[in-house]
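Here are some notes for a colleague who has not looked at this structure before. They are set out as numbered points, to be read beside the display.

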Amino acid sequence: MGMELTVYLPGIEADAVDVEGAGTDLTVTARKPHFVRENFAALHLERAQRDYRLRIRVGTSFDYAAMQAEISHGVLTVKLPRRRLRASFPGARTTLVAA
């Protein structure tokens, strides 16, 4: 038994998402493509074009090395199982699978 986290990331592809667990925090970073016309310089990016970053304090009772993540139609699902007693909790990253 563990935790399942759902994050809505409209317009984001699987290769632009990084899910990282370290210490007590789970961090989701997603990079959006920034469209700027040729021969133009962006003076200001609208909020809709900014990258996503979500950091959640989940504690030390989860096994980051065993987490699974998948993204489908802009919905990221992260499954984070509980760790076994006396196991260490090093940081880990996971590779996303596009569903």
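1. Which residues of the largest nonpolar core touch the most other members? They are L9, V17, V19, L26, L76, V78 and L80, out of 20 residues in that core. At least two residues of this core come from each of β1 (2-8), β2 (17-22), β3 (25-30), β5 and β6.

2. The mean pLDDT of the chain is 81, and 69% of the residues reach at least 70. Strand β6 has the highest confidence, with a mean of 94, while strand β8 (residues 97-98) has the lowest, with a mean of 60. Where pLDDT is low, the predicted coordinates should not be read in detail.

3. As to the overall make-up, the chain has eight strands and zero helices. Its elements, taken from the N terminus, read β-β-β-β-β-β-β-β. The chain has 99 residues, and 30% of them are buried. Its accessible surface is about 7200 Å², with 51% of this belonging to carbon and sulfur atoms.

4. Contacts across the sequence deserve a separate remark. Taking contacts between residues at least 6 apart in sequence, 61% join residues at least 24 apart.

5. Strands β5 and β6 can be read as a pair. β5 covers residues 68-72 and β6 covers residues 75-81. The two run antiparallel to each other and are paired over five bridges. β5 has two faces: A69 and I71 are on the covered one, whereas Q68, E70 and S72 are on the uncovered one.

6. Within this pair, which residue of β6 is the bridge partner of E70? The partner is T77, which lies in strand β6. T77 counts as buried because its relative accessibility is 18%, and the cut-off for buried is under 20%. Apart from neighbours within four places in sequence, T77 contacts Q68, A69 and E70, and also E4, L5 and T6.

7. Between the strands of the β5 and β6 hairpin there are two residues. H73 lies in this loop. The phi of H73 is positive, near 55°, and H73 is a residue other than glycine. Is H73 buried or exposed? H73 has a relative accessible area of 82%, so it is exposed.

8. How many salt bridges does the count give? The count is one. Side chains of opposite charge can pair when their charged atoms come close. Here D25 pairs with R57, with 2.9 Å between the closest N and O atoms.

9. D25 is buried, with a relative accessible area of 15%. R57, by contrast, is exposed, with a relative accessible area of 64%.

10. One is the hairpin of β5 and β6, where H73 has its positive phi. Another is the salt bridge of D25 with R57. A further one is the largest nonpolar core, with L76, V78 and L80 among the residues that touch the most other members.

Note on methods. Residues are numbered from 1 along each chain as its sequence is written. This is a predicted model: local features need pLDDT of at least 70, side-chain atom pairs count only at pLDDT 80 or more; totals for chains, interfaces and linings use all residues. Side-chain values use heavy atoms; hydrogens and water are left out. Buried means under 20% relative accessible area, exposed over 50%, partly exposed in between (1.4 Å probe, protein chains only). Helices (H or I, at least four residues) and strands (E, at least two) are DSSP runs, numbered from the N terminus. Two strands pair if DSSP finds at least two bridges between them. A nonpolar core is a set of buried Ala, Val, Leu, Ile, Met, Phe, Trp, Tyr and Cys residues joined through side-chain atoms within 4.5 Å. Contact means heavy atoms within 4.5 Å. Accessible areas come from the Shrake-Rupley method with a 1.4 Å probe; for residues, only the protein chains shown count as cover. A salt bridge is a side-chain nitrogen of Lys or Arg within 4 Å of a carboxyl oxygen of Asp or Glu. pLDDT is the predictor's confidence in each residue, from 0 to 100.
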